[in-house]
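The following report examines selected features of a protein structure. Please consult the sequence and the model while reading.

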Amino acid sequence: MRAVLTNEFSPREHYDVCVVGAGAAGITLAHKLRKNGLSVFLAEGGSDEFSDESQALYQGKVLGGEYFDLDVARLRYFGGTTNHWGGMCRPLEAHDFLPKAAAPNSGWPIRREDLAVYFPEAATILEIPEPPPDTILNDERTLRRVHFVFSPPVRFAEKFGPVFAADDGMQLCLNCNLVGAEFEGELVRKLIFKNYHGHQIAIAAKCFVIACGGIENSRLLLHLNRTFSDALGNQRGNVGRYWMEHPTHTIGDFLICGNLAFPDDEAYLPLSRDRLYLAPTPAFLDREKIMNCRIRFDRVGHGAAGQMLTSGLCSLPASVEQNLAAMAGGSLSMGWVRASWEQEPLWSNRVALGDEVDAFGVPRPVLHWQRSEQVKRTLQKVALEAATYFARQNTGRVRLHDWVLSQEPIFSCEGGGHCPGGYHHMGGTRMADSAEAGVTDRNCRVFGTRNLFVAGSSLFPSTGYCNPTTTIVQLALRLGDHLTKLAI
Amino acid sequence: MGAMRHLASICSSRRTFLALVLATLAMPFPRWASKWLDDDLVIVNGWILRRSDLDSGH
């Protein structure tokens with residue numbers, strides 16, 4: 001059933017699970033719980049469509065490095081950010097779950113296998129195939145060719161809205177904004193919601209899940225903790241901490257023989273003609289003590305290529321271009337080199353509460369985000385490895401921008417493209433084996449509570465370079481099975 | 001960036017390696033403008049080149 005929170009709306013006395021937030025995580029979880037036979041109340045703060053009133057609740061401040069305004073980096077209505085995502089998918093790699101020498105606070109309490117069992121179900125939801133296997137590219141075994149797969153992209157509200165509306169065991173409630181809780185003896189008894197006209201309801205359930213996104217999950221938990229003396233996972237001050245993004249920059253240009261396809265690429269054409277993704281091997285990451293990273297080669301058409309000829313490409317000795325063209329039978333590809341990579345989890349990068357409050361009296365978020373020396377070192381090592389690969393193979397040449405090669409801790413968005421991040425908000429309510437190290441346990445239960453859970457990318461203790469949606473969906477499906485065991 | 005634009009204006013009219021060398025000598029390039037990574041690979045104006053790339057330009 002679908003409802004809008006009004007004075008006339010009357011919820012059930014009790015639900016099995018109350019899920020707060022109807023984006024990728026919340027919708028996936030609610031759908032899974034219904035498949036498992038549980039009754040669900042799904043609260044969405046926004047409406048069916050974008051509204052300024054709802055979106056304004058996402059405003060906040062950013063302190064530290066250059067970053068997007070917080071109210072443009074995400075969408076606050078039914079479907080959440082899946083209403084405008086690009087559909088790039090790839091599950092996290094096995095190496096991403098392990099502690100890294102480069103980052104003392106990295107590593108998950110679960111392993112890739114724990115989520116891999118949910119990939120087929122996630123793939124059905126996202127409408128993606130399994131990514132092709134990686135290929136080691138060089139004898140030194142430092143570089144891999146990796147693949148992403150692409151969702152149409154699935155708009156979750158369109159896909160699941162009609163299913164929910166026709167389901168008596170599901171109560172989707174729009175304009176339903178979390179403002180408070182009733183909590184005693186490690187149990188959340190009720191969550192309190194308000195609409196935009198001040199009408200309030202309290203929802204009772206066996207279990208409650210906050211699934212509001214990579215900034216809001218921290219913000220709402222911090223807000224609730226002010227009332228409950230940090231009992232909700234914040235006994236060690238961990239809520240909001242270890243927040244992460246994927247630094248994303250255009251880092252150079254390239255000239256490569258032929259198109260970007262490899263000889264065994266027939267199955268993936270035509271996409272692989274225009275895009276190539278390289279990543280370091282785990283052995284290279286360990287040896288260099290760096291984080292994970294992917295370098296993307298974007299082939300461009302003649303118009304943009306012309307611009308490059310008059311800026312960067314002309315500084316390449318003409319004989320090099322001639323030699324490459326001769327080898328490739330006159331066919332050369334040129335384009336931009338872009339990078340998106342992992343930053344190490346740092347205590348200082350965090351979501352905090354500001355002094356200003358929103359229309360519901362909830363403090364607005366303040367995002368503290370800095371990129372460390374490790375972030376720069378990771379980019380430089382991997383970018384140089386990728387660039388030297390083409391030179392050693394004599395199949396192309398790569399130019400890296402001055403700021404990439406500089407030893408100074410500087411980053412630049414002058415190359416355009418998606419910059420300085422991927423709109424990927426991760427961490428803040430990290431999963432861990434103890435309350436000393438995180439906010440939730442390996443089953444997403446908030447430490448200090450028995451029935452409050454978190455879903456979404458805020459759970460990530462470290463991020464790899466892969467776009468987070470596939471992992472978000474896998475985690476939500478896993479949580480769905482766990483809650484089913486608890487609630488039945 | 002000024003240096004790069006100047007270089008672009010030079011080499012768009014005479015795309016020869018000689019022009020590149022002259023420009024390199026004349027312009028205040030960053031210190032990594034020419035840096036050998038090993039016996040074979042060198043960074044010139046951000047391009048990762050091979051030793052033979054430089055030889056073949058003469």
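A disulfide joins A:Cys413 to A:Cys419, with a distance of 1.9 Å from S to S; the term denotes a pair of cysteine sulfur atoms within 2.5 Å. A search of the whole structure finds 1 disulfide over all chains. The link of A:Cys413 and A:Cys419 is left-handed, with -75 degrees about the S-S bond.

This is a predicted model, in which local features need pLDDT of at least 70 and side-chain atom pairs count only at pLDDT 80 or more, while totals for chains, interfaces and linings use all residues. Residues are numbered from 1 along each chain as its sequence is written, chains are lettered from A and ligands numbered from 1 in the order in which they are written, and side-chain values use heavy atoms, leaving out hydrogens and water.

Buried means under 20% relative accessible area, exposed over 50%, and partly exposed in between, with a 1.4 Å probe and protein chains only.

| Residue | Relative accessibility | Class |
|---|---|---|
| A:Cys413 | 25% | partly exposed |
| A:Cys419 | 13% | buried |
| A:Cys89 | 0% | buried |
| A:Cys173 | 0% | buried |

A:Cys89 is in no disulfide, and the nearest cysteine sulfur, that of A:Cys466, is 10 Å away. For A:Cys173, the closest cysteine sulfur lies in A:Cys176 at 3.9 Å, which is too far for a bond.

The report now turns to a helix. Helices (H or I, at least four residues) and strands (E, at least two) are DSSP runs, numbered from the N terminus. Helix 4 of chain A covers residues 119–126, and its residues A:Phe119, A:Ala122, A:Ala123, A:Ile125 and A:Leu126 are buried. Seen down the axis of helix 4 of chain A, the buried residues fall within an arc of 160 degrees, so they line one face of the helix; the arc is that of the directions from the helix axis to the C-beta atoms. The face turned away from this buried side carries the exposed residues A:Pro120 and A:Thr124. Among the elements against which the buried residues of helix 4 of chain A pack are helix 1 (24–35) and helix 13 (469–487) of chain A, where contact means heavy atoms within 4.5 Å. After helix 4 of chain A comes A:Glu127, whose phi is positive, near 60 degrees.

Strand 18 (residues 350–357) and strand 19 (residues 363–369) of chain A pair in the antiparallel sense over 5 bridges; two strands pair if DSSP finds at least two bridges between them. A:Arg350 has A:His368 of strand 19 of chain A as its bridge partner. The hairpin has 5 residues between the strands, and A:Gly361 takes a positive phi near 80 degrees in the hairpin.
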